[in-house]
Amino acid sequence: MNIYDIAERSGFSIATVSRVLNRSPNVSQKTRDKILAVMREEDYTPNAFARGLGLNTMRMIGILCTDISDTYYAKAVSLVENCLRKKGFDALLCCTGNSLEEKKKYLNLLLAKRVDAVILIGSAFKENTDNSHIEAAAQQTPVMIINGLVELPNTYCVLCDEGAAAYDNISLLCSGGCTRILYLYDVLTYSGCVKIEGYKRALEKCGVPFDPALIVQVPKSIEGARGAVEGLFSRGVEFDAVMASEDLLAAGALKALTARGCRMPVIGFNNSVIAEASTPALTSVDNRLETLCPTAVDMLTSLLSGTEIPRKVVIPARLVERETLRVANLS
(Lines give C-alpha, C1' and ligand atoms only; values in the text may rest on other atoms or scores of the structure.)
Protein backbone atom coordinates (compact mmCIF):
# COMPACT_ATOMS: atom_id res chain seq x y z
CA MET A 1 0.00 0.00 0.00
CA ASN A 2 1.08 3.55 -0.70
CA ILE A 3 -0.44 7.00 -0.37
CA TYR A 4 -2.16 6.67 -3.77
CA ASP A 5 -3.87 3.44 -2.68
CA ILE A 6 -5.02 5.06 0.57
CA ALA A 7 -6.45 8.00 -1.38
CA GLU A 8 -8.34 5.68 -3.72
CA ARG A 9 -9.67 3.47 -0.92
CA SER A 10 -10.80 6.40 1.22
CA GLY A 11 -12.27 8.44 -1.63
CA PHE A 12 -10.20 11.53 -0.89
CA SER A 13 -7.46 13.29 -2.81
CA ILE A 14 -3.78 12.52 -2.36
CA ALA A 15 -3.33 16.05 -0.99
CA THR A 16 -5.92 15.43 1.72
CA VAL A 17 -4.31 12.12 2.69
CA SER A 18 -0.94 13.88 2.84
CA ARG A 19 -2.36 16.53 5.17
CA VAL A 20 -3.66 13.82 7.48
CA LEU A 21 -0.28 12.06 7.46
CA ASN A 22 1.45 15.27 8.42
CA ARG A 23 -1.07 16.21 11.09
CA SER A 24 -2.23 19.36 9.34
CA PRO A 25 -4.98 21.21 11.23
CA ASN A 26 -6.65 22.04 7.89
CA VAL A 27 -8.60 18.77 7.78
CA SER A 28 -11.98 18.15 9.39
CA GLN A 29 -12.12 15.55 12.13
CA LYS A 30 -14.67 13.52 10.15
CA THR A 31 -12.36 13.34 7.12
CA ARG A 32 -9.34 12.59 9.30
CA ASP A 33 -11.17 9.72 11.01
CA LYS A 34 -12.19 8.14 7.70
CA ILE A 35 -8.67 8.24 6.27
CA LEU A 36 -7.10 6.94 9.50
CA ALA A 37 -9.63 4.10 9.56
CA VAL A 38 -8.54 3.01 6.07
CA MET A 39 -4.89 3.18 7.12
CA ARG A 40 -5.59 0.98 10.14
CA GLU A 41 -7.56 -1.52 8.03
CA GLU A 42 -4.71 -1.78 5.53
CA ASP A 43 -2.01 -1.72 8.22
CA TYR A 44 -0.42 1.20 6.38
CA THR A 45 2.82 2.67 7.74
CA PRO A 46 4.07 5.78 5.90
CA ASN A 47 7.70 5.91 4.91
CA ALA A 48 9.04 8.68 7.12
CA PHE A 49 12.10 9.32 4.99
CA ALA A 50 10.11 9.58 1.77
CA ARG A 51 7.61 11.86 3.50
CA GLY A 52 10.45 14.03 4.76
CA LEU A 53 11.94 14.41 1.29
CA GLY A 54 8.72 15.89 0.01
CA LEU A 55 8.09 18.18 2.98
CA ASN A 56 11.68 19.20 3.78
CA THR A 57 11.01 17.91 7.29
CA MET A 58 11.15 14.51 8.93
CA ARG A 59 9.14 15.63 11.97
CA MET A 60 11.85 13.76 13.82
CA ILE A 61 13.87 15.17 16.73
CA GLY A 62 17.13 13.59 17.84
CA ILE A 63 17.73 13.29 21.58
CA LEU A 64 21.14 12.74 23.13
CA CYS A 65 21.72 11.83 26.77
CA THR A 66 24.74 10.27 28.41
CA ASP A 67 23.10 7.55 30.54
CA ILE A 68 19.47 6.47 30.32
CA SER A 69 19.86 4.32 33.45
CA ASP A 70 20.32 7.49 35.50
CA THR A 71 16.98 8.45 37.08
CA TYR A 72 17.45 12.13 36.20
CA TYR A 73 18.11 11.46 32.51
CA ALA A 74 15.41 8.81 32.32
CA LYS A 75 12.83 11.25 33.63
CA ALA A 76 14.01 14.01 31.28
CA VAL A 77 13.88 11.73 28.22
CA SER A 78 10.39 10.57 29.17
CA LEU A 79 9.14 14.14 29.56
CA VAL A 80 10.73 15.32 26.31
CA GLU A 81 9.50 12.37 24.25
CA ASN A 82 5.97 12.76 25.58
CA CYS A 83 5.92 16.50 24.83
CA LEU A 84 7.27 15.92 21.31
CA ARG A 85 4.64 13.28 20.62
CA LYS A 86 1.89 15.69 21.60
CA LYS A 87 3.35 18.20 19.13
CA GLY A 88 3.32 15.63 16.32
CA PHE A 89 7.05 14.86 16.34
CA ASP A 90 8.80 11.52 16.65
CA ALA A 91 11.98 11.08 18.68
CA LEU A 92 15.22 9.22 18.03
CA LEU A 93 17.21 8.59 21.23
CA CYS A 94 20.94 7.94 21.49
CA CYS A 95 22.79 7.29 24.76
CA THR A 96 26.39 8.39 24.36
CA GLY A 97 28.20 7.73 27.62
CA ASN A 98 30.70 10.38 28.70
CA SER A 99 33.35 9.83 26.01
CA LEU A 100 33.74 12.85 23.73
CA GLU A 101 34.30 10.61 20.72
CA GLU A 102 31.08 8.73 21.41
CA LYS A 103 29.19 12.01 21.80
CA LYS A 104 30.52 13.14 18.42
CA LYS A 105 29.70 9.81 16.80
CA TYR A 106 26.08 9.80 17.91
CA LEU A 107 25.60 13.47 17.11
CA ASN A 108 26.77 12.79 13.55
CA LEU A 109 24.50 9.75 13.39
CA LEU A 110 21.46 11.89 14.20
CA LEU A 111 22.47 14.46 11.59
CA ALA A 112 22.79 11.69 9.00
CA LYS A 113 19.20 10.69 9.84
CA ARG A 114 18.07 14.18 8.73
CA VAL A 115 16.48 15.05 12.06
CA ASP A 116 14.78 18.44 12.26
CA ALA A 117 16.64 19.38 15.45
CA VAL A 118 18.78 17.90 18.21
CA ILE A 119 18.08 18.05 21.94
CA LEU A 120 21.01 17.57 24.32
CA ILE A 121 19.93 16.64 27.83
CA GLY A 122 22.20 17.81 30.62
CA SER A 123 25.32 19.89 30.96
CA ALA A 124 27.57 16.85 30.34
CA PHE A 125 27.55 17.79 26.65
CA LYS A 126 29.46 21.02 27.25
CA GLU A 127 33.18 20.28 27.01
CA ASN A 128 35.67 22.37 28.95
CA THR A 129 37.77 23.18 25.91
CA ASP A 130 36.31 22.32 22.50
CA ASN A 131 32.64 22.44 21.54
CA SER A 132 33.25 22.69 17.81
CA HIS A 133 31.22 19.51 17.16
CA ILE A 134 28.13 21.19 18.63
CA GLU A 135 28.85 24.33 16.62
CA ALA A 136 29.16 22.24 13.43
CA ALA A 137 25.90 20.44 14.17
CA ALA A 138 24.12 23.74 14.79
CA GLN A 139 25.14 24.88 11.30
CA GLN A 140 22.93 22.08 9.95
CA THR A 141 20.02 22.00 12.41
CA PRO A 142 18.90 23.77 15.60
CA VAL A 143 20.38 22.46 18.84
CA MET A 144 18.43 22.73 22.09
CA ILE A 145 20.19 22.10 25.40
CA ILE A 146 18.17 21.23 28.50
CA ASN A 147 19.84 22.25 31.78
CA GLY A 148 23.13 23.12 30.18
CA LEU A 149 24.66 26.21 28.61
CA VAL A 150 26.61 26.39 25.36
CA GLU A 151 26.51 29.82 23.75
CA LEU A 152 26.90 29.22 20.01
CA PRO A 153 24.95 30.27 16.91
CA ASN A 154 21.69 28.34 16.42
CA THR A 155 21.92 26.80 19.90
CA TYR A 156 19.22 27.42 22.49
CA CYS A 157 19.30 26.64 26.20
CA VAL A 158 16.67 26.12 28.87
CA LEU A 159 18.27 25.68 32.26
CA CYS A 160 17.70 25.79 35.98
CA ASP A 161 19.72 28.27 38.02
CA GLU A 162 21.50 25.60 40.05
CA GLY A 163 24.32 27.97 40.98
CA ALA A 164 21.83 30.22 42.77
CA ALA A 165 20.29 27.13 44.41
CA ALA A 166 23.68 26.03 45.76
CA TYR A 167 24.32 29.57 47.01
CA ASP A 168 20.96 29.64 48.80
CA ASN A 169 21.51 26.18 50.32
CA ILE A 170 24.91 27.07 51.75
CA SER A 171 23.63 30.42 53.00
CA LEU A 172 20.79 28.63 54.78
CA LEU A 173 23.17 26.13 56.38
CA CYS A 174 25.55 28.90 57.46
CA SER A 175 22.70 30.90 58.98
CA GLY A 176 21.89 27.81 61.05
CA GLY A 177 25.42 27.69 62.46
CA CYS A 178 27.11 25.24 60.06
CA THR A 179 30.71 26.23 59.27
CA ARG A 180 32.20 23.00 57.87
CA ILE A 181 29.96 22.07 54.94
CA LEU A 182 31.03 19.06 52.90
CA TYR A 183 30.28 19.14 49.15
CA LEU A 184 30.24 15.86 47.19
CA TYR A 185 30.27 15.66 43.39
CA ASP A 186 31.08 13.06 40.74
CA VAL A 187 32.05 14.93 37.54
CA LEU A 188 32.82 18.57 36.83
CA THR A 189 30.18 19.31 34.22
CA TYR A 190 28.88 22.84 33.65
CA SER A 191 26.23 22.10 36.29
CA GLY A 192 28.85 20.81 38.72
CA CYS A 193 31.01 23.89 38.25
CA VAL A 194 28.22 26.41 38.85
CA LYS A 195 27.23 24.58 42.03
CA ILE A 196 30.79 24.81 43.36
CA GLU A 197 30.88 28.50 42.44
CA GLY A 198 27.62 29.03 44.34
CA TYR A 199 29.06 27.11 47.31
CA LYS A 200 32.16 29.32 47.41
CA ARG A 201 30.25 32.59 46.97
CA ALA A 202 27.91 31.75 49.83
CA LEU A 203 30.77 30.91 52.18
CA GLU A 204 32.44 34.22 51.34
CA LYS A 205 29.20 36.14 51.85
CA CYS A 206 28.65 34.46 55.23
CA GLY A 207 32.24 35.01 56.33
CA VAL A 208 32.97 31.29 56.61
CA PRO A 209 36.51 30.21 55.64
CA PHE A 210 36.75 28.03 52.53
CA ASP A 211 38.50 24.68 53.01
CA PRO A 212 39.25 22.87 49.71
CA ALA A 213 39.43 19.58 51.63
CA LEU A 214 35.65 19.78 52.00
CA ILE A 215 35.02 19.60 48.25
CA VAL A 216 35.33 15.90 47.47
CA GLN A 217 34.97 14.04 44.18
CA VAL A 218 33.39 10.61 44.60
CA PRO A 219 32.31 7.71 42.34
CA LYS A 220 28.78 8.05 40.97
CA SER A 221 27.11 5.49 43.22
CA ILE A 222 25.59 5.24 46.66
CA GLU A 223 28.38 2.96 47.84
CA GLY A 224 31.03 5.22 46.31
CA ALA A 225 29.72 8.25 48.20
CA ARG A 226 29.29 6.22 51.38
CA GLY A 227 32.87 4.97 51.19
CA ALA A 228 34.21 8.48 50.61
CA VAL A 229 32.38 9.88 53.65
CA GLU A 230 33.52 6.95 55.80
CA GLY A 231 37.05 7.70 54.64
CA LEU A 232 36.72 11.31 55.79
CA PHE A 233 35.59 10.12 59.20
CA SER A 234 38.57 7.73 59.38
CA ARG A 235 41.00 10.54 58.53
CA GLY A 236 39.50 12.85 61.14
CA VAL A 237 38.13 15.40 58.66
CA GLU A 238 35.43 17.36 60.47
CA PHE A 239 32.21 18.58 58.87
CA ASP A 240 28.80 19.57 60.18
CA ALA A 241 26.60 19.46 57.05
CA VAL A 242 26.59 17.85 53.61
CA MET A 243 25.49 19.06 50.20
CA ALA A 244 25.78 16.74 47.20
CA SER A 245 25.56 17.43 43.47
CA GLU A 246 22.79 14.84 43.14
CA ASP A 247 20.53 12.72 45.32
CA LEU A 248 22.43 9.51 44.62
CA LEU A 249 25.53 10.87 46.35
CA ALA A 250 23.53 12.44 49.16
CA ALA A 251 21.92 9.05 49.83
CA GLY A 252 25.38 7.50 50.13
CA ALA A 253 26.41 10.20 52.58
CA LEU A 254 23.25 9.51 54.60
CA LYS A 255 24.17 5.84 54.88
CA ALA A 256 27.62 6.70 56.23
CA LEU A 257 26.16 9.18 58.73
CA THR A 258 23.53 6.71 59.90
CA ALA A 259 26.13 3.99 60.40
CA ARG A 260 28.03 6.39 62.70
CA GLY A 261 24.90 7.57 64.49
CA CYS A 262 25.50 11.13 63.24
CA ARG A 263 22.69 13.61 62.64
CA MET A 264 23.41 16.65 60.50
CA PRO A 265 21.77 18.51 57.59
CA VAL A 266 22.07 16.80 54.20
CA ILE A 267 20.90 18.34 50.91
CA GLY A 268 20.85 16.66 47.50
CA PHE A 269 20.00 17.81 43.98
CA ASN A 270 17.38 16.65 41.42
CA ASN A 271 14.52 15.91 43.86
CA SER A 272 14.41 12.36 42.53
CA VAL A 273 12.60 9.30 43.84
CA ILE A 274 15.82 8.52 45.73
CA ALA A 275 15.20 11.58 47.93
CA GLU A 276 11.69 10.43 48.82
CA ALA A 277 12.77 6.81 49.39
CA SER A 278 15.72 7.64 51.65
CA THR A 279 15.53 7.20 55.41
CA PRO A 280 15.41 9.84 56.74
CA ALA A 281 13.74 11.52 53.75
CA LEU A 282 16.26 13.63 51.87
CA THR A 283 15.95 17.37 51.42
CA SER A 284 16.67 18.07 47.76
CA VAL A 285 16.79 20.83 45.16
CA ASP A 286 14.08 20.48 42.53
CA ASN A 287 15.70 21.60 39.29
CA ARG A 288 12.29 21.72 37.67
CA LEU A 289 12.49 19.12 34.91
CA GLU A 290 8.68 19.20 34.66
CA THR A 291 9.06 22.85 33.61
CA LEU A 292 12.37 22.72 31.72
CA CYS A 293 11.40 19.92 29.32
CA PRO A 294 8.01 21.23 28.13
CA THR A 295 9.49 24.73 27.85
CA ALA A 296 12.33 23.42 25.68
CA VAL A 297 9.96 21.48 23.42
CA ASP A 298 7.58 24.44 23.10
CA MET A 299 10.47 26.72 22.17
CA LEU A 300 11.92 24.26 19.69
CA THR A 301 8.65 23.56 17.88
CA SER A 302 7.98 27.32 17.72
CA LEU A 303 11.41 27.81 16.17
CA LEU A 304 10.75 25.09 13.59
CA SER A 305 7.49 26.80 12.64
CA GLY A 306 9.33 30.06 11.98
CA THR A 307 8.87 31.89 15.27
CA GLU A 308 11.82 33.65 16.89
CA ILE A 309 12.72 32.33 20.35
CA PRO A 310 15.15 33.51 23.06
CA ARG A 311 18.59 31.99 23.04
CA LYS A 312 18.51 31.28 26.77
CA VAL A 313 15.77 30.78 29.36
CA VAL A 314 16.73 30.42 33.03
CA ILE A 315 14.23 28.98 35.53
CA PRO A 316 14.73 29.23 39.31
CA ALA A 317 15.10 26.07 41.39
CA ARG A 318 13.14 25.32 44.53
CA LEU A 319 14.22 23.56 47.71
CA VAL A 320 12.02 20.66 48.79
CA GLU A 321 12.52 20.41 52.54
CA ARG A 322 12.35 16.98 54.14
CA GLU A 323 13.70 15.34 57.29
CA THR A 324 17.41 15.82 56.60
CA LEU A 325 17.04 19.59 56.86
CA ARG A 326 14.50 19.63 59.68
CA VAL A 327 16.96 17.69 61.84
CA ALA A 328 18.86 20.96 62.29
CA ASN A 329 15.72 23.09 62.74
CA LEU A 330 16.73 25.20 59.75
CA SER A 331 13.45 25.04 57.82
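Student: Which residues of α9 are buried, and what makes a residue count as buried?
Tutor: They are S191, G192, V194, K195, I196, G198, Y199, A202 and L203. Buried means under 20% relative accessible area, exposed is over 50%, and partly exposed is in between (1.4 Å probe, protein chains only). Keep in mind that this is a predicted model: local features need pLDDT of at least 70, side-chain atom pairs count only at pLDDT 80 or more, and totals for chains, interfaces and linings use all residues. Residues are numbered from 1 along each chain as its sequence is written, and side-chain values use heavy atoms, with hydrogens and water left out.

Student: Why does Y199 count as buried, and why does F210 count as partly exposed?
Tutor: Y199 has 1% relative accessibility, so it counts as buried. F210 has 39%, so it counts as partly exposed.

Student: What makes Y199 and F210 an edge-to-face pair?
Tutor: Rings of Phe, Tyr and Trp (its six-membered ring) pair if their centres lie within 6.5 Å; planes under 30 degrees apart are stacked, over 60 edge-to-face, and the rest tilted. Here the centres are 6.4 Å apart and the planes at 80 degrees, hence edge-to-face. Y199 lies in helix α9 and F210 in the loop between α9 and β7, so the pair ties together parts 11 residues apart in sequence.

Student: And why are F233 and F239 called tilted?
Tutor: Their centres are 5.2 Å apart and their planes at 40 degrees, so the pair is tilted. Both are buried.

Note on methods. Helices (H or I, at least four residues) and strands (E, at least two) are DSSP runs, numbered from the N terminus.
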